[in-house]
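Please examine the structure shown here with attention to the packing of its helices and the setting of its aromatic rings.

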Amino acid sequence: LFRSPAAERRNRRPRAVAHRVDKSIAVLPFENFSDDKENAYFADGIQDDILTNLSKIGDLKVISRTSVMGYRGKTQSAREIGKALGVSNILEGSVRRAGNQVRVNVQLIDATNDQHVWAEDYDGDLSDVFKIQTDLAIKIATALEAKLSPAEKEHMERKPTDSGEAYLAFERAHELHSSSYEDMARLEQSEQIGRASCRERV
């Protein structure tokens, strides 16, 4: 039976192309939407803890906190930031705290096309923060098709404390330590520039 070339083309089935998900992500600084602007340290703490949880997943490539802090109050698009950091996914979010009540809003963005993958809102009290962070890390790993071992999952689910006040105290101390470190780094950089400038004048 003779078939024309056109009929042969119609009967050909297209080959399935496997879609490979890039498992790289940057967690940008979270915005502080609290009425009390002093709660900025709390928003930074949430971002840092989520980043740390993601870093525990060996199948993910997670950009360091130092590299992402320069994008606080960003004006660039997710695509531009992704290209600069060498990642295909961006997590951004905001935190609002009033007393013991907390609202965390997050968006996972595909940096290759600036499209939202998903968005979530979490409401709870301070004691729920660890559960929120763990849930987020697991959802991100699932979205990026990253393998999460039982040991990694168990490690993320460990709560360092059940006290919301203890968590706040820890985050505040961590923020003060980080600020001091960053100030020292800026001072050292300034001194290096100054010494280089002096050498050029000689």
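This is a predicted model: local features need pLDDT of at least 70, side-chain atom pairs count only at pLDDT 80 or more; totals for chains, interfaces and linings use all residues.

Residues are numbered from 1 along each chain as its sequence is written, and side-chain values use heavy atoms, with hydrogens and water left out.

**Helix H2 with helix H5**
- Helix H2 (residues 40-55) and helix H5 (residues 129-143) cross at roughly 45°, and their axes come within 9 Å.
- This angle makes H2 oblique to H5 (angles under 35 degrees count as roughly parallel, over 145 as roughly antiparallel, 65 to 115 as roughly perpendicular and the rest as oblique).
- The contact (heavy atoms within 4.5 Å) involves Phe-42, Ile-46, Asp-49, Ile-50, Asn-53 and Leu-54 of H2, together with Val-129, Gln-133, Thr-134, Leu-136, Ala-137 and Ile-140 of H5.
- Eight nonpolar, three polar and one charged residues make up the contact of H2 with H5.

**Helix H5 with helix H6**
- H5 packs against helix H6 (residues 150-157) at an angle of about 155°, the axes being 9 Å apart.
- H5 is therefore roughly antiparallel to H6.
- Thr-134, Ala-137 and Ile-138 of H5 meet Lys-153, Met-156 and Glu-157 of H6 in this contact.

**Aromatic rings**
- The charged end of Arg-97 sits over the ring of Phe-42, 5.8 Å from its centre (CZ of Arg or NZ of Lys within 6 Å of the ring centre and within 35 degrees of the ring normal).
- The structure holds zero aromatic pairs (rings of Phe, Tyr and Trp, the last by its six-membered ring, pair if their centres lie within 6.5 Å).

Methods
Axes are lines fitted to C-alpha atoms, for helices over the stretch in contact, and angles run from 0 to 180 degrees between N-to-C directions. Helices (H or I, at least four residues) and strands (E, at least two) are DSSP runs, numbered from the N terminus. Ala, Val, Leu, Ile, Met, Phe, Trp, Tyr, Cys and Pro count as nonpolar, Asp, Glu, Lys and Arg as charged, and the others, Gly among them, as polar. Rings of Phe, Tyr and Trp (its six-membered ring) pair if their centres lie within 6.5 Å; planes under 30 degrees apart count as stacked, over 60 as edge-to-face and the rest as tilted.
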